[in-house]
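Please look over these notes with the model open.

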Amino acid sequence: MEAVLKNVSSTVELLTVSALSGEVSQWGEQAASRAFHWARYCEQIHARFHSNPPIRGVLEKQLQLTNHRLREALPEHKAVYFRDLGRCQDLLLLCLLNNSALPSSIMKMLFDTRMSVNATGSGYEDVRGLCSQIIQYKSACKVLHHLEPRTVGADAEVQGEMLMERLGSELSRSGHPRWAEDFMSSVLQEFEGTAEHLCLVTAAALLTAADSATQTASQDFLLDWLQSRHVVLQHMCSELPSKLLADLAKRHQKFRDGFCSFLKKLASEMEYRINEGEWIHTDSAVSFQKVTQDLQTLFEACPSLRTETEEEFNALKIADGDFDVRGLSVWGDLLMAFSK
């Protein structure tokens with residue numbers, strides 16, 4: 001029993017280090033794997049002894065002593081109780097994400113739910129197992145709180161929350177966006193080759209409830225970052241489902257403006273192929289029908305946008321000669337499609 005008490009106490013110390021210490025900057029994947037091994041060990045201790053009052057009482061006493069000792073050394077230490085042992089991996093993950101010293105290599109390991117970590121002898125199986133537990137835990141919380149379901153998928157939704165938490169931490173470091181910009185650059189590199197998933201994670205982050213000034217600031221930063229990273233924004237506008245794009249447009253004016261500008265740019269670059277009887281964009285797979293559908297989705301989400309857009313398109317149609325013949329003006333054909 002003495003070994004169990006010592007291990008539990010050491011794991012609580014580990015949680016404090018992962019949340020507050022700059023030593024995390026020296027961690028590699030092996031160190032992270034060992035940390036999650038001990039977190040899982042505590043979950044097993046909780047499962048084994050939560051219904052055993054005598055042993056549970058001894059563990060609670062040990063936790064009380066450990067919390068007191070850590071609080072004396074680090075006033076910022078957050079107490080860990082016996083009930084917390086049952087979700088120790090979740091706590092460790094959140095502690096790491098809120099630590100601005102976390103290396104980008106470990107961030108990649110936490111974000112990439114498909115990556116299996118080889119940790120022979122560590123007892124840590126793979127990151128998918130951890131992310132699966134966290135997804136189940138947070139999804140259950142959402143059901144209990146009757147939160148609106150999203151179409152991004154559970155994994156992207158949890159990763160979106162993780163992204164918001166880390167951005168909040170980076171922005172609070174000095175009040176200067178440089179740290180957050182560096183972090184997003186590393187995220188962009190880590191998601192290279194998986195742009196579709198990055199779009200889903202970004203969408204999930206922007207749809208996270210902004211319940212505090214920190215979360216609002218994080219979303220504002222992410223929206224500004226998208227405006228400066230046209231490739232990511234364009235990929236989101238091209239690949240995400242219309243319903244998801246409508247939710248984003250309804251929630252954020254900056255995204256709505258960027259989405260609308262992207263669609264107008266696509267339309268302006270289309271040419272009419274007489275043989276095919278279609279407007280074609282030579283550098284994009286986005287069709288005329290998709291542009292029409294997305295604009296109509298925008299109008300449904302933001303009715304006031306329809307009037308000003310139709311007025312703009314009508315002026316452009318007049319500049320093209322004001323012909324009511326299909327194929328002579330992309331703006332005229334869009335207006336005809338809207339009226340159907």
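1. Buried here means under 20% relative accessible area, with exposed over 50% and partly exposed in between (1.4 Å probe, protein chains only). This is a predicted model: local features need pLDDT of at least 70, side-chain atom pairs count only at pLDDT 80 or more, and totals for chains, interfaces and linings use all residues. Residues are numbered from 1 along each chain as its sequence is written, and side-chain values use heavy atoms, leaving out hydrogens and water.

2. Helix 14 (residues 288-301) buries Phe288, Val291, Thr292, Asp294, Leu295, Thr297, Leu298, Phe299 and Ala301. Helices (H or I, at least four residues) and strands (E, at least two) are DSSP runs, numbered from the N terminus. Contact means heavy atoms within 4.5 Å.

3. Helix 12 (242-251) is mostly covered, with 7 of its 10 residues buried. They are Ser242, Leu244, Leu245, Ala246, Asp247, Leu248 and Ala249. These residues pack against helix 9, helix 11, helix 13 and helix 14.

4. The axes of helix 13 (residues 253-268) and helix 16 (residues 330-339) come within 9 Å and cross at roughly 120 degrees. Helix 13 is therefore oblique to helix 16. Angles under 35 degrees count as roughly parallel, over 145 as roughly antiparallel, 65 to 115 as roughly perpendicular and the rest as oblique. Axes are lines fitted to C-alpha atoms, for helices over the stretch in contact, and angles run from 0 to 180 degrees between N-to-C directions.

5. At this crossing, Lys264, Ala267 and Ser268 of helix 13 meet Val330, Trp331 and Leu334 of helix 16.
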